[in-house]
Amino acid sequence: MSESSKKAVIEVLNEVLTAELTAINQYFIHAELCAHWGFKKLYKEVRAQSIDEMKHAEQLIERVLYLNGIPNVQRLGKVSIGETVKEQFQLDAVVEEEAIVRLGRGVMLCRENGDIGSAMLLETILKSEEEHLNWLRTQLELMSQLSEQGYLANQVEAQ
Amino acid sequence: MIICLCEGVSDREITLAVKSGANTLEQIAQKCRAGINCGSCHEQIVKIIETSKDLEEQKSCDIATPGVYRNV
């Protein structure tokens, strides 16, 4: 792989890393807010998603280092905090939709530059983000069918 | 949605500040303290100002349209 190709790949990996680091924080604060409001079931689920994003960040950092680049862990995007569970889901869905577009672009760029390993990593992350988006859409659909209160009543874990 | 994390200011509070006449970052900061610290929310605050302005312009166009309100 040429130096310019490597540089382009490292750049896109760092761009994805920034988004992952931002998502970790957004999901973590959303999880803690859910716990604070008493929605313990949601707390566990959303916290696990935050940790999933952390694992993606770990894989991206490892890949950038493998390519002899410097992982940019300093740059963060805007964290959007929802004031209700519904708003949290909507804001998280925006994060996932943007991530899917970014990752798709990244996969193409890596393949164009002959870096199949990075392309495969981004594909794995892309699949995981699609699953997360699907989960969020399901929750929003449940809220719409059961009503917001009906949905939330099911998220309070029995003491 | 919380826009300014440093000061804990929501989009509703910023929209209220715009409605009460604030239409620059400085004026918004004076009204509700949003954006006075790290500045990472400035882009979103500007968007809220622009959206609110567009809505106001839309309203004034509706009012200015002959026959819409004058005959009421």
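Modeller: Helices are DSSP runs of H or I with at least four residues and strands are runs of E with at least two, both numbered from the N terminus. This is a predicted model, in which local features need pLDDT of at least 70 and side-chain atom pairs count only at pLDDT 80 or more, while totals for chains, interfaces and linings use all residues. Residues are numbered from 1 along each chain as written, chains are lettered from A and ligands numbered from 1 in the order written, and side-chain values use heavy atoms, without hydrogens and water.

Biologist: How many helices are there in chain A?

Modeller: Chain A follows the pattern α-α-α-α-α along its sequence. Its C-alpha trace spans about 55 × 25 × 25 Å along the principal axes. Strands number 0 in chain A, and helices number 5.

Biologist: How is H2(A) oriented relative to H4(A), roughly parallel or roughly antiparallel?

Modeller: Helix H2 (residues 40–66) and helix H4 (residues 116–146) of chain A pack with their axes 11 Å apart, at an angle of about 170°. Axes are lines fitted to C-alpha atoms over the stretch in contact, with angles from 0 to 180 degrees between N-to-C directions. Angles over 145 degrees count as roughly antiparallel, so H2(A) and H4(A) are roughly antiparallel.

Biologist: In the contact of H2(A) with H4(A), how many residues are charged?

Modeller: Contact means heavy atoms within 4.5 Å. Among the residues that meet are A:Glu45, A:Glu53 and A:Arg63 in H2(A) and A:Glu129 in H4(A). Asp, Glu, Lys and Arg count as charged. By class, the contact has 7 nonpolar and 7 polar residues, and the charged ones number 4.

Biologist: Which residue of chain A meets B:Arg12 in a salt bridge?

Modeller: A salt bridge needs a side-chain nitrogen of Lys or Arg within 4 Å of a carboxyl oxygen of Asp or Glu. The rule finds 1 across the interface of chain A and chain B. At 2.7 Å, N to O, the side chain of B:Arg12 meets that of A:Glu83.

Biologist: How many residues apart in sequence are the parts that A:Glu15 and A:Arg102 tie together?

Modeller: The whole structure has 9 salt bridges over all chains. In one of these, the side chains of A:Glu15 and A:Arg102 meet at 3.9 Å, N to O. A:Glu15 lies in helix H1 (residues 3–37) and A:Arg102 in helix H3 (residues 85–112) of chain A, so the sequence separation is 87 residues.

Key. Angles under 35 degrees count as roughly parallel, over 145 as roughly antiparallel, 65 to 115 as roughly perpendicular and the rest as oblique.
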